[in-house]
Amino acid sequence: MNKFQLKKFFKAAYDLMLVFLQFFIISLHFFQWEFLPQKQIIQESPFSYFLGIFIIIIAFIIMLISIKDLGRNLSPFPRPLKNSNLVTTGIYRFTRHPMYFSLIFISIGVFIIKLSIYYLFLTISLVLIIKFKIALEEKYLMNKFKNYLFYKNEVKV
């Protein structure tokens with residue numbers, strides 16, 4: 001394996017690792033491990049429950065809209081598909097990464113419902129993974145689409 005192939009391999013492995021970690025952390029939201037402390041930060045209340053549900057519903061709606069707007073460009077990987085287009089319409093007029101932000105807000109909603117250290121840890125972990133994934137994805141998008149820098153400057157979030 002030459003230097004170029006090795007570099008390409010490690011880039012692909014890093015992409016795959018970020019996607020795996022993202023989906024792994026998301027899946028942990030659905031399980032409560034017996035060996036992990038489930039200590040609540042504060043006592044649950046009906047208000048926190050309904051606030052969490054409200055945040056989850058809004059974030060889920062935004063996620064569905066972003067999936068619809070991406071269309072055939074949808075991929076879980078940070079590297080854009082070969083025949084993809086830069087989507088700057090629909091919800092992408094207002095935010096560059098609505099799907100990632102939706103995942104974070106769903107995680108925040110679950111944390112608000114559960115109010116436990118476990119879910120706080122999951123939310124922080126997801127934010128960090130998505131932060132790395134966005135940074136990598138933006139590099140790929142800048143290399144692939146000449147007008148991405150203009151779009152990035154126009155749409156700040």
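This is a predicted model: local features need pLDDT of at least 70, side-chain atom pairs count only at pLDDT 80 or more; totals for chains, interfaces and linings use all residues.
Just after α2, Gly71 adopts a positive phi of about 60°.

Helix α3 (residues 98-114) is also in contact with helix α4 (residues 117-144), the axes of the two coming within 9 Å and crossing at roughly 175°. Since angles over 145 degrees count as roughly antiparallel, α3 is therefore roughly antiparallel to α4. On the α3 side, the contact is made by Tyr100, Phe101, Leu103, Ile104, Ser107, Ile108, Val110, Phe111 and Lys114, whereas α4 contributes Tyr119, Leu120, Leu122, Thr123, Leu126, Val127, Ile130, Lys133, Ile134 and Glu137. By residue class, the contact of α3 with α4 comprises 14 nonpolar, two polar and three charged residues.

For the protein chain as a whole, the secondary structure amounts to five helices and zero strands, arranged along the sequence in the pattern α-α-α-α-α. The C-alpha trace spans about 55 × 40 × 25 Å along its principal axes, and 38% of the 157 residues count as buried. Of the contacts between residues at least 6 apart in sequence, 79% join residues at least 24 apart. The accessible surface of the chain comes to about 10,500 Å², with 73% of that area belonging to carbon and sulfur atoms.

Notes. Residues are numbered from 1 along each chain as its sequence is written. Side-chain values use heavy atoms; hydrogens and water are left out. Axes are lines fitted to C-alpha atoms, for helices over the stretch in contact, and angles run from 0 to 180 degrees between N-to-C directions. Helices (H or I, at least four residues) and strands (E, at least two) are DSSP runs, numbered from the N terminus. Angles under 35 degrees count as roughly parallel, over 145 as roughly antiparallel, 65 to 115 as roughly perpendicular and the rest as oblique. Contact means heavy atoms within 4.5 Å. Ala, Val, Leu, Ile, Met, Phe, Trp, Tyr, Cys and Pro count as nonpolar, Asp, Glu, Lys and Arg as charged, and the others, Gly among them, as polar. Buried means under 20% relative accessible area, exposed over 50%, partly exposed in between (1.4 Å probe, protein chains only). Accessible areas come from the Shrake-Rupley method with a 1.4 Å probe; for residues, only the protein chains shown count as cover.
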